[in-house]
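Hi,

Here is the structure I said I would pass on. Have a look at it first, and then read my notes below.

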Amino acid sequence: MSRQKIVGLTAPSGAGKSSIAQRVLDAFPSMHLAVSVTTRSPRPYEKHGKDYFFVSLPEFERLLTEGALLEYEEVYPGCFYGTPHFNSKEVGGPVLLDIDVKGAANVRSSIGGFFIFVAPPSEAELERRLRDRGTETDKTLLTRLQRAKTELAYADQFDALVVNDSLDEAATEAISLIESYLQQ
């Protein structure tokens with residue numbers, strides 16, 4: 001049996017990794033999304049168990065204590081995100097991680113895989129996208145933009161870089177890169 005294929009998409013918040021992840025899942029029907037766990041509140045359009053597993057901080061701490069998470073990170077103050085362990089025999093196909101930058105670096109160094117860094121075309125465009133999303137206060141927007149500057153410095157530490165200037169073009173490029181990886 002061949003080794004489990006792990007694909008990761010990572011990016012600063014607002015760069016478009018979740019939108020690209022959905023296109024990747026559509027292109028590869030056998031691919032399984034490893035749904036992350038988070039302590040943040042859901043956005044109006046997000047569904048528990050599909051977009052994230054939304055849990056309380058005590059529940060997140062219980063998962064950590066039980067060793068249920070492959071990796072975790074306090075991405076924003078008081079907002080934890082983590083990747084649950086997955087059983088590759090149960091999953092069957094390749095696994096897609098839609099994951100924060102530090103989490104992606106941790107998973108890549110511990111179990112390998114193929115990781116794509118999705119970058120915005122500019123910091124100004126990233127700010128516009130975050131504002132247009134309508135989910136950020138001035139304070140959370142500033143926090144996300146400050147973290148994005150730090151995360152953008154890690155772009156060259158991954159297997160590939162896709163600049164999301166056009167969602168269609170970025171998704172097509174990511175799908176092509178992933179297809180090459182899966183065929184190895």
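Predicted model: local features only at pLDDT ≥ 70, side-chain atom pairs only at ≥ 80, totals over all residues.

**Cores**

The largest nonpolar core has 20 residues, and the members that touch the most others are Leu 9, Val 24, Met 31, Leu 96 and Ile 116. Two or more residues each come from β1 (6-10), α1 (17-27), β8 (114-119), β9 (160-163) and α7 (167-182).

The largest pocket holds about 960 Å³ of space. Its lining is made of 41 residues, with Lys 17, Ser 18, Ser 19, Asp 98 and Arg 133 the closest to the centre. The elements giving two or more residues to that lining are α1, β2 (32-34), β5 (69-76), β6 (79-84), β7 (95-99), α5 (123-133) and α6 (138-152). Which element gives the most to it? That would be α1, with 6 residues. Sorted by class, the lining has 16 nonpolar, 11 polar and 14 charged residues.

The second largest pocket has a volume of about 280 Å³. Of the 15 residues lining it, Tyr 76, Cys 79, Glu 136, Thr 140 and Arg 144 lie nearest the centre. Here α6 gives the most, with 4 residues, and the classes come out as 5 nonpolar, 5 polar and 5 charged.

**Salt bridges**

Side chains of opposite charge can pair when their charged atoms come close. A search of the whole structure turned up 18 salt bridges. One of them is between Asp 98 and Lys 17, with the closest N and O atoms 3.2 Å apart. Asp 98 sits in strand β7 and Lys 17 in helix α1, so this pair ties together parts that are 81 residues apart in sequence. Both Asp 98 and Lys 17 are buried, and both are among the residues closest to the centre of the largest pocket.

Another salt bridge joins Arg 129 to Glu 125, where the closest N and O atoms are 3.0 Å apart. These two are 4 residues apart in helix α5, so about one helical turn separates them. Arg 129 and Glu 125 are both buried. Elsewhere, salt bridges with shared partners link Arg 40, Arg 43, Glu 46, Arg 133, Glu 136 and Arg 144 into one network. Two other members turn up in the second largest pocket, where Glu 136 and Arg 144 are among the residues nearest the centre.

**Ile 6**

Last stop: is Ile 6 buried or exposed? This residue of strand β1 has a relative accessible area of 5%, and since the cut-off for buried is under 20%, Ile 6 counts as buried. Not counting residues up to four places away in sequence, Ile 6 touches Phe 86, Val 95, Leu 97, Ile 111, Gly 112, Gly 113, Phe 114, Phe 115 and Tyr 181. As for Val 35, which is 29 residues away along the chain, its C-alpha atom is 13 Å from that of Ile 6.

Cheers

Definitions and conventions. Residues numbered from 1 in each chain as written. Heavy atoms only, no water. Core = buried A, V, L, I, M, F, W, Y, C linked by side-chain atoms within 4.5 Å. Buried < 20%, exposed > 50% of the residue type's maximum accessible area, 1.4 Å probe, protein only. 1 Å grid on protein atoms, 1.4 Å probe; cavity = no way out; pocket = protein on both sides within 12 Å on 5 of 7 lines; lining within 4 Å. Points joined across faces, edges and corners; volume = space filled by probe spheres on them. Nonpolar A, V, L, I, M, F, W, Y, C, P; charged D, E, K, R; others polar. Salt bridge = Lys/Arg side-chain N within 4 Å of Asp/Glu carboxyl O. Contact = heavy atoms within 4.5 Å.
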